[in-house]
Amino acid sequence: MAGIKRQENLIGSCAAYCGECGMYRGRIYARIAKDFLEILKASDYADWLPNVMKLDFSFEDLLNGLEYFSKQDAGCYCQEPCKKGGGAPCENRPCAEERGVGICYECEDFPCEHFDWILAKYPDCLEDYERFKKLGLEGWSRFHAKRAEQGYAHATGKYYVRSSNK
Amino acid sequence: MTGHELVAPCGDYCGGCGQYNGLICKTAKQMREFADLYGFEMRSEGEFDFQQFVAALEWFIENATCPGCQQGGGPAWCEVKKCCSEKGFRICFECEEFPCSNIESVADPDTRDRYKRFREVGFERWLEEQAQKATEGYEIHLQKVLSLKP
């Protein structure tokens, strides 16, 4: 289990736990893209598929897309936690800094209009907020760290298990 | 255990093929599930055609299946399958002419290793080993396990 300090570094201002993100250091999504690219190449699809049927999609765009998503410097590979410069620009981070709160959940105005886009996308945030109030920062961080270790990805709500031989 | 129906004439084990066992469909589905979650269509502009990419994923989710070589799957042009059935063998590895030019034309990098093992331990034991590897997620074309369990 990661130390509490490290866990706190992994919490974005918006209360998303970076360690649970499928993009964080390529833990899930980039792996899926790479897995898919490898299996397609190994099965020689590009050689035989266009010869046996007329495709209504472009095979080249499939391969280029998978390359894009596998890459470490683009696609869905986030190099650093949000607080260390990863993640997309947002209103939450500067606002939290200005107000001197670690995360939005600690703000007395929660949920304000800066949180609307997040709630629209992840309605389970309110439930998570209740969890935060109940468990406190440390317990709540531990909850997310554990789920992250189990391979959870927040955006899809699924668990992804690594094969033992990487 | 039977499982002989999962053995392709060329010595591939269909149960370990990502097209037969659904590994390819499942991976395409996993990819599709997050492909448009983070505004990637906009972020990837100029890199590839996102609509085509999604159409391709959907094609694979729906169509990348195979009933197995012995159930009418596999490539229609495969000479090995034809030859094996004419000679009355279940698998090329039983033929004394192995490796002939037919099998060379479709052989995987590890076909000879599989042949060697087949000769060492016999059909039944070999088949059990192939099935066991497939259960562990080993994909025969990739010659390894995917990094994530699908």
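Between chain B and chain A, 11 residue pairs are in polar contact, both members of each pair being at pLDDT 80 or more. The elements of chain B that contribute two or more residues to the side touching chain A are H1, helix H2 (40-43), H3, strand E2 (144-145) and strand E3 (148-149). Of these, H1(B) provides the largest share of that side, with 9 residues. The model is a predicted one, and the values reported here are computed from it.

In terms of contacts, 38 residues of chain B meet 43 residues of chain A. The two chains bury about 3800 Å² between them, and 69% of this area lies on carbon and sulfur atoms. Tyr38(B), Ser147(B) and Leu148(B) account for 17% of the area that chain B buries against chain A, more than any other three residues. Charged pairs are also present: 3 salt bridges are counted between chain B and chain A. In the salt bridge between Lys144(B) and Glu38(A), the closest N and O atoms are 3.1 Å apart.

Aromatic pairing was examined over all chains, and the count comes to 37 aromatic pairs. For Phe57(A) and Trp59(B), the ring centres are 5.7 Å apart and the planes stand at 45 degrees; because this angle falls between the limits of 30 degrees for stacked and 60 degrees for edge-to-face pairs, the pair is tilted. Phe57(A) is located in the loop between helix H3 (45-52) and helix H4 (59-70) of chain A, whereas Trp59(B) belongs to helix H3 (residues 50-63) of chain B, so the pair joins two chains. Both Phe57(A) and Trp59(B) are buried.

Ring pairs also link residues of both chains into a cluster, with Tyr29(A), Tyr68(A) and Phe69(A) from chain A and Phe34(B), Tyr38(B), Phe40(B), Phe48(B), Phe50(B) and Phe53(B) from chain B.

Charges over aromatic rings are found within each chain. In chain A, the charged end of Arg147(A) sits over the ring of Tyr152(A), 4.0 Å from its centre. In chain B, Lys133(B) lies over the face of Tyr138(B), 4.3 Å from the ring centre.

Gln19(B) is placed in the segment before helix H1 (23-35) of chain B. With a relative accessible area of 16%, under the 20% limit, Gln19(B) is therefore classed as buried. Neighbours within four places in sequence being left aside, Gln19(B) contacts Tyr45(A) and Trp48(A) in chain A, and Ile24(B), Ala64(B), Thr65(B) and Cys66(B) in chain B.

Definitions and conventions. Residues are numbered from 1 along each chain as its sequence is written. Chains are lettered from A and ligands numbered from 1 in the order in which they are written. This is a predicted model: local features need pLDDT of at least 70, side-chain atom pairs count only at pLDDT 80 or more; totals for chains, interfaces and linings use all residues. Side-chain values use heavy atoms; hydrogens and water are left out. Rings of Phe, Tyr and Trp (its six-membered ring) pair if their centres lie within 6.5 Å; planes under 30 degrees apart count as stacked, over 60 as edge-to-face and the rest as tilted. Helices (H or I, at least four residues) and strands (E, at least two) are DSSP runs, numbered from the N terminus. Buried means under 20% relative accessible area, exposed over 50%, partly exposed in between (1.4 Å probe, protein chains only). A charge sits over a ring if NZ of Lys or CZ of Arg is within 6 Å of the ring centre and within 35 degrees of the ring normal. Contact means heavy atoms within 4.5 Å. Buried area is the accessible area (1.4 Å probe) that two parts lose on being put together, summed over both. A salt bridge is a side-chain nitrogen of Lys or Arg within 4 Å of a carboxyl oxygen of Asp or Glu. A polar contact is a pair of N or O atoms within 3.5 Å; within protein, one must be able to donate a hydrogen and the other to accept it, and residues adjacent in sequence count only if both atoms are side-chain atoms.
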